[in-house]
Each structure stands twice: as structure tokens, then as C-alpha cells.
Amino acid sequence: MAFHPADHWDGYLAPPDFEEYSARYADFFRMRREDGIIEVRLHTDDGPYAHTHAAHNVWTRVWQEIGNDPENQVLIVTGTGDRWMTGNPKGLNPKPASELDPDHIYQRMTDGWKLIESFANNIDIPTIAAVNGPGVHTEFAMMSDVTLAAPDADFMDPHFWLGSPPGDGQYMALQALMGPKRAAYYIYAAKSIPADKALEWGIVSDVLPREELLDRSWELARFIMKRPRYTRWATHNIVSRHWKKTVAEDFGFHMAHQMLANVASKSRVPDPELLADSEARKLF
């Protein structure tokens, strides 16, 4: 930046710098930055990202750190290898939510709640997602300004299939992008949305060979960076305005209903019997 507040304002307290927060979250995200473009790559042991409660917990803070750093001017989010995300649904919730301590439930709720709010409200720069393969939790990829996808990427919300209301943001994003009737059908039927359909229905911006995703993302990011900073900032705010409205108006309703039902049902989520009830288990 040409203007450095520390050079002009006595008592200025700088936010954590890139070296600090990129190292702090290195177990979950590999970050690199070049000419104002920050790439954030989900990973676990440098392989495909494996979803855990601990990893979920740090997402909110990562979005905050990135958004607070004025040196970050375009964001690219991607995964590692040939999958956007992997997970072990049998191990995430060993007992029903109704048996958890109230503070545990509160932590789980706020982790999911603030994840979406933080991405929508704290990232104030153009965003590009490169969905490099199949996997769940693509909500913040779909909420990015531009979403590129590999041919084998898919987009679905498995919550209803597994015994929980679809309240954590994935369905909200699908509903906003593909329409309420189509989205409802894909929720109730636990259907996966392949990349070609996602492109046709406006869920993603383009489908490219996996080996071209990052190159195209960086090419677009560099094109964006040639425009004035105020233009980039204002364009992102115009482009993402509908997400801010959707999060403000609907997300709390969705999340509260999900958490209420998970506690009131007194059953495990995912329900082991329901887990075997769909071909969609390939996502895990």
C-alpha cells in the first residue's frame, strides 16, 4: 500500500500480518500471496481437506484475518488434489445433540453461524472459488463472486438425507442460485448436482479441466487487479449485495431451525441407517 497508517497515526495498532496468520492456520489452509492476490487452499496434511469440528471452528477467524489485512485485494479459494473436501460423517457426531452440554451446542451453533456471516460481511474484496472436485460444504464457494469448477465437482446439501434440516448455508446458497422449487427437490431427494448441471442452472460460472482451474483463477485475479482499487471494492459490494441481504434475512432462521431440530429429534446426525440410504455417500 502507498499509505501506511503507522507512518501517520500515533498509536496505530496494525492487524496481524500475512506471515503471522498464514502460519497460524497452516494446518488447515495453505496460503500464498502475490501482488495483492491471496490464494487460500484447504488441505489436511497437504492432501484433500478432511472436515472436522476443529477445522470448521477456524474458518470464521480465517475470513476475519483475510478481510482485516489491507494487503489482500483479491481472494482465491480452492481445495487440494482431486477433491474439494472429504469427511467421515460416522465420526463427527458420536451421540445425539440432545446429550451434549449446552455450551458445546452453543459452540457448534456459533461456529456454523459466524462462518457464513464472516464470509459474507468480512471479505470486502473480489472473490474467486476454484472447486477442484467433489465434496460438501461448497456454500462459500457458491457465495464467491466467481465460481469455477472441475468437471467432476458436485454440489449438494446432504443434511436432510442424513436426518438434519438443511440450515447451515449450503441449501441457502443453492436456493438463491437455482431457485426454490428445483432446490427443494434436490434436498428432499438427496440428489447430487454435477458440474455441468451446476453451470446450466447458474450455480457456477464455468467448468474447466481440473489442471486449468488455478491458472484461470489467477489469470482472472490479475485482470481484476489492473482496475482501480475503489472500482474493485465497489464492484464486489455490488456483486455480493444479494448475499448480504440473504444472510441477514434468512440465514439465522435456517440455522436456528437446524439446531432446534437436531436437539429435539434426540437422534444422531448423521443417522447411521439414513447414511446408507442414498448413492450420494460418494461425497464422503
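On one side of helix α8, Lys181, Tyr185 and Tyr188 are exposed, where exposed means over 50% relative accessible area, buried under 20% and partly exposed in between, with a 1.4 Å probe and protein chains only. The model is a predicted one, in which local features need pLDDT of at least 70 and side-chain atom pairs count only at pLDDT 80 or more, while totals for chains, interfaces and linings use all residues. Residues are numbered from 1 along each chain as its sequence is written, and side-chain values use heavy atoms, with hydrogens and water left out.

Helix α8 spans residues 180-188, and its buried residues are Ala183, Tyr186 and Ile187. They lie on the same side of α8 because they cover an arc of only 105° around the axis, the arc being that of the directions from the helix axis to the C-beta atoms. Among the elements that cover these buried residues are α6 (159-162), α7 (170-178) and β7 (193-194); contact here means heavy atoms within 4.5 Å. After α8 comes Ala190, which has a positive phi, near 50°.

Ala130 counts as buried because its relative accessibility is 0%. If residues up to four places away in sequence are not counted, Ala130 touches Val77, Thr78, Gly79, Trp84, Leu148, Leu213 and Ser217.

The chain as a whole can now be considered. Its secondary structure comprises twelve helices and eight strands; these are DSSP runs numbered from the N terminus, with helices (H or I) of at least four residues and strands (E) of at least two. A compact globule of 284 residues would have a radius of gyration near 19 Å, and the chain agrees with this at 19 Å. That radius is taken over C-alpha atoms, and the globule rule is 2.2 Å times the number of residues to the power 0.38. Along the principal axes, the C-alpha atoms fill a box of roughly 60 × 40 × 35 Å.

Of the 284 residues in the chain, 48% are buried. Among contacts with a separation of 6 or more, 74% are between residues 24 or more positions apart. The accessible surface, computed by the Shrake-Rupley method with a 1.4 Å probe, comes to about 13800 Å², and carbon and sulfur atoms account for 53% of this surface.
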